[in-house]
Amino acid sequence: PLAITGVGIIGPRGTSFPNFCQNYWNGPSLADTTRNITFFGQEFAQKIYELPPLEDRALPASLRRRMSIFTKLVALSALECFTSSGLRQEDCRRSLGIFLGTGWGENETVHALLEQLLSNGEIILSPTLFHNSVHNAAVGYLGMLLQLQGPALTVSQAELSFEASLESAMLLLAAGQCEAVLVGACDVF
């Protein structure tokens with residue numbers, strides 16, 4: 001049997017599950033901003049949906065200062081989900097698996113890293129940009145925050161990333177390799 005015991009969400013429509021549902025059903029217009037970015041010498045227009053201010057007191061300052069917005073979204077949403085699940089960290093430290101689905105991953109961080117590489121060469125690369133540029137950075141931070149010892153995987157399969165991470169999590173549950181799993185998806189557009 002599979003049971004969903006907690007939900008966490010951060011998006012333009014809200015930062016808690018009840019708030020998100022209320023805003024979704026009431027249909028408020030989303031605040032958005034358009035900005036142009038240059039990537040490899042070409043101009044691209046981006047439409048960005050504004051997020052509500054992130055409450056990040058749950059994140060230690062030592063980790064928070066190195067986190068990208070993508071990683072903060074993943075960590076805060078996952079911590080909200082974990083808290084609302086009723087699971088206790090000390091009870092599932094060894095047997096909780098983390099699965100994150102993302103089609104785009106750290107796209108803004110990768111963009112900034114590539115621009116820095118093209119401008120300055122590989123000698124002057126930011127270590128923070130470098131370690132945040134991998135898709136698994138958010139899951140790594142989350143594993144450190146929760147002090148977990150179970151599997152921590154990021155699945156990147158375009159628009160099917162969440163479904164693929166959910167399927168991977170269900171397989172580990174069925175095999176008895178995890179007693180509980182934290183499954184989510186994040187993309188920043």
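Predicted model: local features only at pLDDT ≥ 70, side-chain atom pairs only at ≥ 80, totals over all residues.
Residues are numbered from 1 along each chain as its sequence is written, and side-chain values use heavy atoms, leaving out hydrogens and water.

**First stop: Thr-71.** Select residues 69-85 to see helix α3, where Thr-71 lies; helices (H or I, at least four residues) and strands (E, at least two) are DSSP runs, numbered from the N terminus. Thr-71 is buried, with a relative accessible area of 0%. Buried means under 20% relative accessible area, exposed over 50%, and partly exposed in between (1.4 Å probe, protein chains only). Now show Glu-106, Asn-132, Ala-137, Ala-138 and Tyr-141: Thr-71 is in contact with these, leaving aside its neighbours within four places in sequence. Contact means heavy atoms within 4.5 Å.

**Next: helix α8.** Select residues 161-174, then colour the buried ones: Ser-161, Ala-164, Ser-165, Ala-169 and Leu-172. Looking down the axis of α8, you will find its buried residues within an arc of 135°, so they line one face of the helix. The arc is that of the directions from the helix axis to the C-beta atoms. Turn to the other side of α8 for Leu-171 and Ala-174, which are exposed. After α8 comes Gly-176, with a positive phi near 80°.

**Last: helix α5.** Select residues 107-120, then step just past α5 to Gly-121, which has a positive phi of about 85°.

Definitions and conventions: Expected span 1.5 Å × (residues − 1).
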